[in-house]
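Visitor: I'd like to learn how to read a structure with two chains. Could you walk me through it?

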Amino acid sequence: MSNWALIIYCGLITYLTRFSMIALIKKEMFNNRIRQVLSYVPSAIFPAIIFPAIFLDNSGLILIEDNPKIIAALIATLIGIFSRSIIATIFSGLASYWILIFVV
Amino acid sequence: MKSNLKVFLKGIVDVSPLMIPVVPFGLIFGVLAIDIGFSPLETMGMSLIVFGGASQIVLLQLFSGGASSIVIISSVGAVNSRHLLYGAVVSEHLSDLKLIWKIVISYFLIDQAYAISNEYLKKNKDQNRYFHLVGAGATCWVIWQSTTFFGIILGAAIPEKLGLSFAVPLTFLALLVNDFRKFINIIVIVVSGLVATLGYNYIPFKAYAIVAGLSGLLVAMILTKIVKTNE
């Protein structure tokens, strides 16, 4: 599949997730239970991107020792929990990562 | 009743504070897309056609890991399935609109616009209240497209040594800051993360993101049920 086809299909499926409920389906079909479970979608999916990017090395093997990403991610998580700020979380993580790889 | 323009402008003002985190997100997306090998035009096309930050970065991540198109497309759909919830919630405020307006508004139904306009829609009963959502969505659109554009320009200038790909897990981590305080969310996060990490090499077609996401949702279904029966 060409890059453009991939992009267009991704756009289509994304648009459908937005449009379908507004246009086709009545609100009554969405009970509280489904609503409740859908609210967990970010917590269920984002870690699938976060964890492998932190714990796996370039060849896809698990790397625990001597891995500055784990320490930087932990610092970012703590800063995130206390500050509740998206920007503070990203930048504290990047700053600690750079300190660990360039300075320490 | 306020004029359409006033409601539209109110949407812009209300959503503005939420735009601050979008700026680094868009820049990171642009930089990474170029880094991975997408052309500037394709990168801009992604932001224009998909217009969904988290899912676009998932697209990049899976693409660079060599996942197949089907897996990438379904993962993007899975990440964006939360929009189903947004659509269902705001649909009652839009039910009187013509189809063409529903088509336009759907394009702008993104996280930040939903979060801010849902509050407004609940409090106001004016016929033209949906202009708030259009204003908020259009603001996000301008910020997302312009930061993508600057990211593309920066992408050529930023050295690979900086390890900016680490910004991907960090941006997703940042989107979960409020969930780290809730017990069920923490369990869901850990389960999904472990399934993805341990299954990364073993789940075929690089479908680890989908398998992990579904495992997380299953755990959420079970845990929310248990918590409810205990109450």
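Predicted model: local features only at pLDDT ≥ 70, side-chain atom pairs only at ≥ 80, totals over all residues.

Visitor: Fine. What is the secondary structure of chain A?

Guide: Chain A has five helices and zero strands. Following the sequence, the pattern reads α-α-α-α-α. Its radius of gyration is 19 Å, well over the 13 Å that the globule rule gives for 104 residues, so chain A is more spread out than a compact globule. Along the principal axes, the C-alpha trace spans about 55 × 40 × 25 Å.

Visitor: Which domains does the assignment give for chain A?

Guide: Domain 1 covers 1–39 and domain 2 covers 42–104. Their C-alpha centres lie 30 Å apart.

Visitor: Now the meeting of the chains. How many residues does each chain give to the contact?

Guide: Chain B gives 74 residues and chain A gives 61. On chain B's side, the elements that each supply at least two residues include helix 3 (40–49), helix 4 (53–64) and helix 12 (208–230). Helix 6 of chain B has the largest share of that side, with ten residues. By class, the side of chain B that touches chain A divides into 45 nonpolar, 23 polar and six charged residues.

Visitor: Let's zoom in on a pair of helices. What describes two packed helices?

Guide: The general idea is that you need the angle between the two axes and the distance between them. Here, take helix 1 (residues 3–23) of chain A and helix 5 (residues 69–79) of chain B: their axes come within 9 Å and cross at roughly 25 degrees. Angles under 35 degrees count as roughly parallel, so helix 1 of chain A is roughly parallel to helix 5 of chain B. The crossing of these two helices is right-handed.

Visitor: Which residues make that contact?

Guide: From helix 1 of chain A, look for A:Leu6, A:Tyr9, A:Cys10, A:Ile13, A:Thr14 and A:Thr17. Helix 5 of chain B brings B:Ser69, B:Ile72, B:Ile73, B:Val76 and B:Gly77. Sorted by class, this contact has seven nonpolar, four polar and no charged residues.

Visitor: And helix 1 of chain A with helix 7 of chain B: at what angle do the axes cross?

Guide: Those axes cross at roughly 140 degrees and come within 9 Å. Roughly antiparallel would need an angle over 145 degrees; helix 1 of chain A and helix 7 of chain B are therefore oblique to each other. This crossing is right-handed.

Visitor: Which residues should I click on for this one?

Guide: On helix 1 of chain A, pick A:Tyr15, A:Arg18, A:Phe19, A:Ile22 and A:Ala23. On helix 7 of chain B, pick B:Lys102, B:Ile103, B:Ile105, B:Ser106 and B:Tyr107. The residues of this contact divide into seven nonpolar, one polar and two charged.

Visitor: One last thing: how is chain B divided by its domain assignment?

Guide: Chain B has domain 1 (4–175) and domain 2 (176–231), with C-alpha centres 24 Å apart. Their contact takes 14 residues from domain 1 of chain B and eight from domain 2 of chain B. On the domain 1 side, helix 4, helix 5 and helix 10 of chain B are the elements that give two or more residues. That side has nine nonpolar, five polar and no charged residues.

Terms used:
Residues numbered from 1 in each chain as written. Chains lettered and ligands numbered in written order. Axes fitted to C-alpha atoms, helices over the stretch in contact; angles between N-to-C directions. Helix = DSSP H or I, 4+ residues; strand = E, 2+ residues; numbered from the N terminus. Parallel < 35°, antiparallel > 145°, perpendicular 65-115°, else oblique. Left-handed = near helix turned anticlockwise from the far one by under 90°. Contact = placed C-beta atoms within 7 Å. Nonpolar A, V, L, I, M, F, W, Y, C, P; charged D, E, K, R; others polar. Domains from an automatic or database assignment. Rg over C-alpha atoms; globule rule 2.2 N^0.38 Å.
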